[in-house]
Amino acid sequence: MTFSTSTSGASTHNTDTAKLSYESSLTVPAKTVPLPSAASEELKSAISQYPIPSVDEVVNNTPQSIEQWRELIQIRNADQKKKIKKMRKQFDVDVSLEKINGVPVRRLTPKTIAPEFKDKVFIDAHGGAYVFFSGLPSIEESLLIAHRVGITVISIDYRMPPHAPFPAALNDVVSVYSSLATEHGAQNLLIGGTSAGAGLVLSAVQTLIADKQPLPSAVYAGTPWADLTKTGDTLYTNEGVDRILVTYQGFLEAAANLYAGNERLTHPSISPLYGNFAGFPPTFLISGTRDMFLSDTVRVNRKLRDAKVRTQLEVFEGLSHADYVVAYETPESLTVYQELKQFLLSVCTKNCN
């Protein structure tokens with residue numbers, strides 16, 4: 001299925017975040033939140049090194065025009081390239097640029113491939129709020145998965161706003177998957193991502209099911225941005241505590257609307273929490289106690305469980321949104337990918353042929 005944009009709802013999707021009226025609310029007094037004392041020393045050190053901006057600072061620095069978005073994207077991508085260069089020196093992973101159905105991808109081949117994954121391919125959709133990390137910066141988590149899981153990874157450099165809003169990214173992921181399924185067999189494919197990448201993967205699998213296409217053997221949904229409206233409880237309770245996202249106001253809300261374009265934020269292919277989870281492959285989910293998307297993660301898990309899908313949900317003490325990728329040298333990050341590897345091995349032992 002290839003989606004096309006529509007102009008219907010162009011004036012309504014921005015109202016999704018304000019659609020609820022509250023009869024009562026809880027006012028919580030200002031308080032000091034210490035470092036997570038039960039977390040590893042490495043994670044506490046990583047948190048301490050980078051002060052969390054205030055909610056007001058994030059809101060005030062949100063781009064107000066397409067030109068400002070382009071400038072911010074360029075700055076963030078340049079910073080990410082520096083991190084990727086460091087990671088490539090640490091991990092012995094070969095990276096090659098290719099195209100699949102016209103979509104740029106990077107094939108990451110680790111020096112050592114686990115015997116169980118010799119004929120398997122992991123398809124990765126990167127995070128970045130649907131606006132950041134095109135090009136080489138897109139392989140951040142792909143490097144971690146290739147090296148730590150021991151599997152060949154295809155990292156999809158999907159199109160993004162401001163030049164390509166929904167459904168461009170979704171069409172790219174489905175197109176790449178369909179080609180790889182023909183080449184390798186769907187049973188030999190695993191698919192996943194973190195944050196926006198995880199939300200995109202959930203939407204892609206829902207599309208595959210609707211189109212009656214063969215499905216991958218497993219799904220990885222790392223702290224998925226599965227509902228682009230301000231609905232999840234932890235968008236409120238972890239506001240200002242999550243050191244990565246900080247707040248939904250301003251940047252996240254603006255990025256959501258930029259990605260949605262002329263569609264409603266509640267369109268199920270934009271916010272897959274409003275879609276159908278029946279028939280999903282086994283799914284591995286990750287979040288943290290300080291993650292603003294903890295609610296999205298547990299809500300996705302509940303939808304999957306209600307649909308009788310096998311899931312494994314891991315919630316880590318002290319982790320903010322995608323902190324296992326950001327602070328990738330911590331024990332928490334190592335454990336995330338050890339658990340992911342064991343989950344994929346268990347699925348492949350049972351289902352992959």
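Helices here are DSSP runs of H or I, at least four residues in length, numbered from the N terminus. With that in hand, here are some close-ups of this predicted model.

**Figure 1. Ser203 in helix α6.** By that definition, helix α6 covers residues 196-210, and Ser203 has its place there. Ser203 counts as buried because its relative accessibility is 1%, against a cut-off of under 20%. Beyond its neighbours within four places in sequence, Ser203 is in contact with Leu170, Pro268, Ser269, Ile270 and Pro272.

**Figure 2. Leu200 and the nonpolar cores.** Welcome to the largest nonpolar core, which has 65 residues. Leu200 and Trp225 are the residues with the most contacts inside this core. Setting aside neighbours within four places in sequence, Leu200 is in contact with Ala125, Tyr130, Tyr158, Ala169, Leu170, Val173 and Tyr259.

Figure 3. With a relative accessibility of 0%, Ser142 counts as buried. Not counting residues up to four places away in sequence, Ser142 touches Leu108, Asp124, Val153 and Ser155. With Ser155 there is also a polar contact, side chain to side chain, at 3.3 Å. For a sense of scale, the C-alpha atoms of Ser142 and Pro104 are separated by 15 Å, and these two residues are 38 residues apart along the chain.

Figure 4. Glu140 sits in helix α4 and Lys83 in helix α3 (residues 66-90), so the pair ties together parts 57 residues apart in sequence. Glu140 is buried, at a relative accessible area of 11%, and Lys83 is buried at 19%.

**Figure 5. Lys86 and Glu329 across the chain.** A salt bridge joins the side chains of Lys86 and Glu329 (3.4 Å, N to O). This pair links distant parts of the chain, 243 residues apart: Lys86 is in helix α3, while Glu329 is in the loop between α10 (323-326) and α11 (331-351). Lys86 is partly exposed, with a relative accessible area of 42%, and Glu329 counts as partly exposed at 48%.

**Figure 6. Further salt bridges.** The structure holds 12 salt bridges. One of them brings together the side chains of Asp119 and Lys118 (3.4 Å, N to O). Asp119 is partly exposed, at 48% relative accessible area, whereas Lys118 counts as exposed at 58%. Elsewhere, a network of salt bridges links Asp227, Asp296 and Arg299.

Conventions: Residues numbered from 1 in each chain as written. Predicted model: local features only at pLDDT ≥ 70, side-chain atom pairs only at ≥ 80, totals over all residues. Heavy atoms only, no water. Buried < 20%, exposed > 50% of the residue type's maximum accessible area, 1.4 Å probe, protein only. Contact = heavy atoms within 4.5 Å. Polar contact = N/O pair within 3.5 Å; in protein donor to acceptor, adjacent residues only side chain to side chain. Helix = DSSP H or I, 4+ residues; strand = E, 2+ residues; numbered from the N terminus. Core = buried A, V, L, I, M, F, W, Y, C linked by side-chain atoms within 4.5 Å. Salt bridge = Lys/Arg side-chain N within 4 Å of Asp/Glu carboxyl O.
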